[in-house]
Amino acid sequence: MPVRTLSHLKKGESGVIKSFSDKVMSLKLLEMGCLPGCEVRLDAVAPFGDPICINVGGCYCLSLRLNEAATIVIE
Amino acid sequence: MKQENIKIALVGNPNAGKSTLFNVLTGLRQKTGNFPGVTVEKKSGTFHLKSSTGKTDGEVTLVDLPGTYSIYPKSADETVVMDILANPQHPDFPKVIIVVVDASNLQRNLLLFTEINDLGIPAVLALNMLDVATSMNLTVNAVQLAMQLKVPVVRINARTGEGVKNLMEAVTHTLEQKEKPALTYFYDPTEKEVQLIEEVKSIYHLDNDYVALQYVCQHDNFSFLEQPARTKLDRLIEKYDFDENNFLSTETIARYEKIKPIVSKAVKSEGMTEQPFWTRKLDGILLHHFWGYVTFAVVLLVIFQAIFAWATYPMDLIDAGTAATIEWVKGILPQGVLNDLITDGIMAGIGGIIIFIPQIAILFALVSILEESGYMARVMVIMDKLMRKFGLNGRSVVPLISGVACAVPAIMTTRSISSRYERLLTILVTPLMSCSARLPIFAILIALVVPSTKVFGILNMQGLVLMGLYLMGLFGALFSAWLLSLFIPRKEPSYFMLEMPSYKLPRWGHVGFTMYESVKSFVLEAGKVIMSISIILWVLASYGPGDKMEKEAERVALENSQLTQDQINAAVASVRLENSYAGSFGRFIEPAIRPLGYDWKIGIALLASFAAREVFVGTMATIYSISGDTEDVLTVKERLVQERNPDTGGAMYTPAVCYSLLVFYVFAMMCMSTIAVVYRETHGWKWPLIQLAYLTVLAYVSAFAVYQLMS
């Protein structure tokens with residue numbers, strides 16, 4: 001089964017961050033508060049499907065591009 | 001506390017309320033400048049601090065550092081934070097740091113706090129946004145937090161000013177502490193890299209392990225380290241085989257491990273935490289694939305209507321007031337050269353500046369409301385994918401929108417774009433956005449050729465044409481970015497990660513402050529340039545080479561002796577201007593601008609406005625008040641209407657000439673300050689010169705096409 005990432009979520013769907021597949025990106029995401037074990041929910045999708053807005057741990061809203069979201073492995 | 005000037009720094013995440021607190025503390029006692037050694041805008045201000053004994057201890061300087069999520073910079077803007085904090089010799093090195101944190105997102109905000117703490121500079125934690133936390137059913141125990149973090153924690157509300165007094169007391173108390181309390185590291189880097197850190201500490205005489213680590217990780221960003229020092233650190237990294245990325249991930253995760261139990265003890269959560277209801281509802285519309293763009297378009301349309309329709313009334317008043325004042329001064333001063341210099345040179349120039357105060361005030365107020373409310377972040381999101389197609393980034397929207405105010409601060413805001421490539425492209429195309437200095441030119445030319453009729457009952461035709469010009473600039477910018485992106489190779493990947501603030505009502509005081517500041521800087525900064533150029537022009541237009549001016553004037557007076565005195569005067573004045581220095585200069589370049597439909601008088605204005613566009617209207621005022629009859633004072637617009645084309649006998653300012661001029665000014669890069677700021681931001685002459693060249697070609701070719709098609 002292929003790895004499920006944040007970019008696979010549908011609007012309103014949630015997942016828990018498991019790991020990151022890109023080293024440089026993971027540091028940026030960690031500093032923005034996306035930690036392993038944190039629950040994320042896809043809240044909004046920009047026109048043309050990219051970027052997306054996710055709710056991080058019920059705390060705040062983060063927008064990021066699809067290819068960035070694809071580096072976040074969820075379960 | 002001694003009488004010396006004490007520096008206090010403000011740090012915090014973006015959107016944590018840092019700038020609001022800064023404004024509350026310093027009020028109107030702030031100034032902007034540049035950090036020494038680096039090209040990042042510096043906001044600093046002063047405020048009074050009272051010691052605990054009750055007597056005033058004088059002024060303290062507060063330095064507002066760029067908002068950042070960690071001390072590891074992600075953009076040019078953020079590098080300044082560590083450049084100051086790692087260098088005790090820096091003139092802005094703070095005695096105390098106020099860390100502003102968002103109580104509704106404590107975990108992430110504390111990451112930065114723990115890093116600051118480990119640098120060993122005394123800190124005070126300002127707990128802000130408690131109202132947002134409450135609305136998310138979170139209660140934060142400040143006492144518990146203070147005990148665990150071992151620093152003073154003060155609950156504040158930066159928007160209302162609540163708790164600010166307590167915060168000041170905590171700062172005073174920290175300043176007055178004789179001995180520094182022993183530092184407890186939240187993360188001790190010597191756990192992993194003890195030898196490397198010991199070696200760095202001994203070479204650079206540092207006593208803090210974490211600062212030593214920053215020398216290793218960030219030395220390329222430190223302006224206070226010379227090249228040999230940087231090379232030495234590079235060698236040390238190699239010697240100890242230090243993997244920076246790995247280390248930083250480990251550090252960040254370790255910090256969160258420390259923060260988690262602290263937050264769970266201090267924050268009680270009751271039930272589900274959510275974004276505020278209105279934020280979710282509004283995002284449903286404003287990020288919608290159809291309504292999102294509709295709203296954005298409406299917002300832009302409102303801005304342009306406001307600039308044109310609402311500003312007309314105060315502008316007419318100022319216009320009439322200036323004309324009356326000039327006439328009055330002309331009357332009371334004795335006739336002569338001094339009178340002419342003051343009225344035709346200086347006062348005509350000033351009149352050309354102050355008339356645009358209402359438009360600039362409205363524009364800046366509206367842009368500031370958009371930023372304050374949180375809408376600007378949504379605009380970045382809906383524009384990101386589109387901007388990417390042109391080689392730009394969603395964040396490029398902010399410089400582009402700010403560009404309608406002034407390209408200089410707009411180019412400075414590009415420092416929040418982390419990719420150097422996207423930043424460069426944005427810098428190169430931002431001057432195409434029609435800045436407020438173009439407004440005077442647009443306003444006067446539109447008023448000449450576009451009737452002020454209503455369209456669809458509510459829209460004003462002149463406002464629509466103005467919007468068209470702005471759109472032309474926007475599309476010019478996007479197209480140029482795309483074209484340039486084909487020639488400039490991209491070296492690094494682009495990324496876009498942006499926190500979406502919840503919607504807030506703008507703080508009207510802050511909006512008013514921005515408005516005041518921008519009008520002030522426009523009048524003073526632009527005023528200086530315009531004024532000096534007005535005077536130079538007046539001299540150049542009043543005197544000529546040899547005695548040609550006098551001879552020609554006599555000849556014309558004799559030839560036209562059958563006319564009335566007024567008509568003779570007008571003819572003489574006109575021929576005098578033609579033979580003056582300025583006139584000869586205009587004549588000299590006339591062949592180059594003839595294909596665009598311009599005569600030598602427009603040529604003079606065109607050349608003068610190379611320094612700054614706003615000079616154009618002032619120059620027109622000077623030229624036409626010199627060449628026309630001086631008996632009655634007309635406003636610039638009326639003079640332009642009356643101006644005749646000597647070849648055709650019809651109006652000089654035909655629609656073809658006006659539209660050609662409008663298009664020329666949409667594209668031309670006529671602004672010394674922009675060239676200077678691009679030079680500074682790109683560290684060299686290469687990019688400003690390329691920019692000047694392509695924009696001049698673009699302006700000339702488009703103006704030529706417009707004139708030839710319309711005449």
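This is a predicted model: local features need pLDDT of at least 70, side-chain atom pairs count only at pLDDT 80 or more; totals for chains, interfaces and linings use all residues.
## Model and confidence

Local features need pLDDT of at least 70, side-chain atom pairs count only at pLDDT 80 or more, and totals for chains, interfaces and linings use all residues. Residues are numbered from 1 along each chain as its sequence is written, chains are lettered from A and ligands numbered from 1 in the order written, and side-chain values use heavy atoms, without hydrogens or water.

The complex has an ipTM of 0.91 and a pTM of 0.78 from the predictor. Chain B has a mean pLDDT of 83, with 92% of its residues at 70 or more. Here pLDDT is the predictor's confidence in each residue, from 0 to 100.

## Size of the interface

Chain A brings 33 residues to the contact and chain B brings 44 residues. Contact means heavy atoms within 4.5 Å. Together the chains bury about 3300 Å², 60% of it on carbon and sulfur atoms. On the chain A side, A:Glu31, A:Pro47 and A:Arg65 lose the most area to chain B, together 21% of what that side buries. Buried area is the accessible area (1.4 Å probe) that two parts lose on being put together, summed over both.

Three salt bridges link chain A and chain B. A salt bridge needs a side-chain nitrogen of Lys or Arg within 4 Å of a carboxyl oxygen of Asp or Glu. One such pair is B:Asp384 with A:Arg65, whose closest N and O atoms are 2.8 Å apart. Over all chains, the whole structure holds 20 salt bridges. B:Asp384 lies in helix α16 (residues 375-389) of chain B and A:Arg65 in the loop between β4 and α2 (66-69) of chain A, so this pair joins two chains. Helices (H or I, at least four residues) and strands (E, at least two) are DSSP runs, numbered from the N terminus.

On the side of chain A that touches chain B, α1 (23-31), β2 (39-45), β3 (52-56) and β4 (60-64) each supply at least two residues. The largest share, nine residues, comes from α1(A).

## Strand pairing across the chains

β4(A) pairs with strand β12 (residues 497-500) of chain B. The pairing is antiparallel, over four bridges. Two strands pair if DSSP finds at least two bridges between them. A:Ser63 stands opposite B:Leu498 in β12(B).

## Backbone points to check

The peptide bond from A:Asp50 to A:Pro51 is cis, with omega near -5°. A:Pro51 sits in the loop between β2 and β3 of chain A.

In chain B, B:Met129 has phi near 60°, a positive value in a residue other than glycine. B:Met129 lies in the loop between β6 (123-128) and α4 (130-135).
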